[in-house]
Amino acid sequence: MVNDADFVVWQRYGVRAWPTLVLIDPSGYVVGAVAGEGHGPVLDQAIADLIAEHRTAGTLREGPEPGPTAETAEATPLAFPGKIAVDSASGRLAIADSGHHRILIADQDGSIRAVVGTGKPGAHDGLFADATFRHPQGVAFHDGGLYVADTENHLIRRLDLGAGRAETIAGTGRQAHGPLRPADDNPLATSLNSPWDLVILNGVLHIAMAGCHQVWGLDPAGGTLDLVCGTGREALIDGSRLDAAMNQPSGIATDGSLLLVADSEASAIRSIDPRPGGRIRTLVGVGLFEFGDRDGSGSGVRLQHPLGVAVLDGRVYVADTYNHKIKVLYPSLQRVETLFGGGGPGTAYGDRPQFFEPGGLAAAPGRLYVADTNNHRICVADLTTGTVTALTLQRL
């Protein structure tokens, strides 16, 4: 992994878009490159041909390569937790235990009430103990259930918390490609593309569809899907929400009237009015290739690939993922300040906490729950004292 801060590798390989994959043969020659998604079959064939060619020529060195030993992670029941959600009415906390392909339902003190999923990847509905997921991310409580963005299955699932059953409610299980617009009244007949986060607003489940740079809306009562924002083009373009462009939206929250979105690839935070004729507005962020770590106001602010947002008391809290920080955005001022974290990735607690690529946030009165993804833990940040503690998860 290279931090190409000055775009040296980018320029030498002629990169023009994310993602770009460059195929290099065992002799060190560039033999091809592709940009964008959906090139798996072509790459599989090209790599197989190169392996056969260089194995015959004797230029293929096979077997494991020596490398550094990974630092042992702190003991925790989680593996790369992604998104989290809080239900203040019931006192429950939902955690997407993404690396374990499952969902945990816990009390806000960390007592685990239910484990949903076998821990093995799959897309099986049924009882909680039998259901399977594949790297789930977004979770949202609503009307006695929990909605789940089953990201790598390209599905939306609903967990009936009373009956203890999981059900698929949208998606075909096949990844869609290109700009999308829901065209079928049956959500189960519509392919999705990497749904990454969820939030309920006015009874509609809003989906941050990262893979096609859009936000969609699923009406659970009416059983319909609709486009909320984005043409599918990857760009930072404001204006009418149906004509605007987004950049891999990966976090979504609401203040009760607007949607707040972490538009990750542009390192931007944006607001969407989902009503008819509504518009999208960029609060901070200036473009696809502008990122950094700078507090301040307006166009002077720089974030780096934020993945999570939460709203509390008119403030927007941001998981500034690649800066390992939690920040606060004052929307009317377009001002950003760092609250927690700093100094690079780490595991410290107390009044000088450190995080390692936090990917999800959930807000409750006086505190934030943080999915500290690469530290495999959930942290609780006290907004009054400024201290951070790790949430101890344990089975009842």
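**A tour of surface patch, loop and salt bridges**

Select Val2, Val9, Tyr13, Ile24 and Val30: together they make a nonpolar surface patch of about 450 Å². Patch members have over 30% relative accessible area and no salt bridge; like charges are joined within 9 Å, and nonpolar side chains (Val, Leu, Ile, Met, Phe, Trp, Tyr) within 5 Å. Accessible areas come from the Shrake-Rupley method with a 1.4 Å probe, and for residues only the protein chains shown count as cover.

This is a predicted model: local features need pLDDT of at least 70, side-chain atom pairs count only at pLDDT 80 or more, and totals for chains, interfaces and linings use all residues. Residues are numbered from 1 along each chain as its sequence is written, and side-chain values use heavy atoms, with hydrogens and water left out.

Stay on Val30. It sits in strand E2, residues 30-35. Strands (E, at least two residues) and helices (H or I, at least four) are DSSP runs, numbered from the N terminus.

**Next stop: Ser191**

Go to the loop between strand E11 (165-170) and strand E12 (195-201), where Ser191 lies. Show its side chain. A polar contact joins the side chain of Ser191 to that of Thr172 at 2.8 Å. The Ser191 side chain also reaches the backbone oxygen of Arg174, at 3.5 Å. A polar contact is a pair of N or O atoms within 3.5 Å; within protein, one must be able to donate a hydrogen and the other to accept it, and residues adjacent in sequence count only if both atoms are side-chain atoms.

**Then the salt bridges**

The whole structure holds 16 salt bridges. Each is a side-chain nitrogen of Lys or Arg within 4 Å of a carboxyl oxygen of Asp or Glu.

Select Asp87 and Arg92. Their closest N and O atoms are 3.4 Å apart. Asp87 is buried at 18% relative accessibility; Arg92 is partly exposed at 22%. Buried means under 20% relative accessible area, exposed over 50%, partly exposed in between (1.4 Å probe, protein chains only).

Move to Arg113 and Asp107, a salt bridge with closest N and O atoms 2.7 Å apart. Arg113 is exposed at 53%, whereas Asp107 is buried at 16%.

Finish at Asp293 and Lys327, whose side chains meet in a salt bridge (2.7 Å, N to O). The pair links distant parts of the chain, 34 residues apart. Asp293 is in the loop between strand E20 (279-284) and strand E21 (296-297), and Lys327 is in strand E24 (residues 325-330). Asp293 is partly exposed at 38%; Lys327 is buried at 0%.
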